[in-house]
Amino acid sequence: MTARSAASSEAGNPMSVKAQAAGVCTDAYQIGTTAYIDRGGAHVASVKQFYSPKCARNYGYLWVWQSFRNKIKDYDVSTGVYSYARDKVVGQASWKATNVQEFWSLPADTVTECTAAIGSLRAPGDPVECQAGTSKSC
């Protein structure tokens, strides 16, 4: 039997070091569509929602594209799970002045609700953040 990789990836790996630090359950898998954060007409990050049947939790996931990281060294990021029933973001986590590539929200107790993962990214000097949300999952 081979061990599953703990490497981070654009697809999202619930076994990665960052995922495990955020409390993501290892059986989590993507639900809904992938959304893209655009800045200056180009994709700079992707946003996904993950679901864990074992832990009954949802997670937001944001992956910053290498092409953006090569140009911008310190940016602000946030991700979480939007609950349509509560009209608020659950499990949101934020990072300031970072150059990390992989971000996971905190576990969101939203599996009985319609949800979407949301993510935002703001480069220094940008007056507002760029953001995106995945498709609604019920």
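Let's start with Lys136 and Tyr84. The charged end of Lys136 sits over the ring of Tyr84. The distance to the ring centre is 4.5 Å. Keep in mind that this is a predicted model.

Now to rings paired with rings. How many aromatic pairs does the structure hold? It holds 8. I'll walk through two of them.

Take Phe50 and Tyr61. Their ring centres are 5.7 Å apart, and their planes meet at 75°. Planes over 60 degrees apart count as edge-to-face, so that is what this pair is. Where do the two residues lie? Phe50 is in strand S2, residues 42-52. Tyr61 is in strand S3, residues 57-64. The pair therefore ties together parts that are 11 residues apart in sequence.

Buried or exposed? Phe50 has a relative accessible area of 2%, so Phe50 is buried. Tyr61 is at 0% relative accessibility and counts as buried too. The cut-off for buried is under 20%.

Stay with Tyr61. Tyr61 also forms an aromatic pair with Trp104. Centre to centre, that is 4.4 Å. The angle between the planes is 50°, and the pair is tilted. Trp104 lies in strand S6, residues 102-104, while Tyr61 lies in strand S3. So this contact ties together parts that are 43 residues apart in sequence. Trp104 is buried, as is Tyr61.

What do ring pairs link into a cluster? Phe50, Tyr61 and Trp104. Tyr61 pairs with Phe50 edge-to-face, and with Trp104 in a tilted arrangement.

Notes: Residues numbered from 1 in each chain as written. Predicted model: local features only at pLDDT ≥ 70, side-chain atom pairs only at ≥ 80, totals over all residues. Heavy atoms only, no water. Phe/Tyr/Trp six-rings, centres within 6.5 Å; stacked < 30°, edge-to-face > 60°. Helix = DSSP H or I, 4+ residues; strand = E, 2+ residues; numbered from the N terminus. Buried < 20%, exposed > 50% of the residue type's maximum accessible area, 1.4 Å probe, protein only. Lys NZ or Arg CZ within 6 Å of the ring centre and 35° of its normal.
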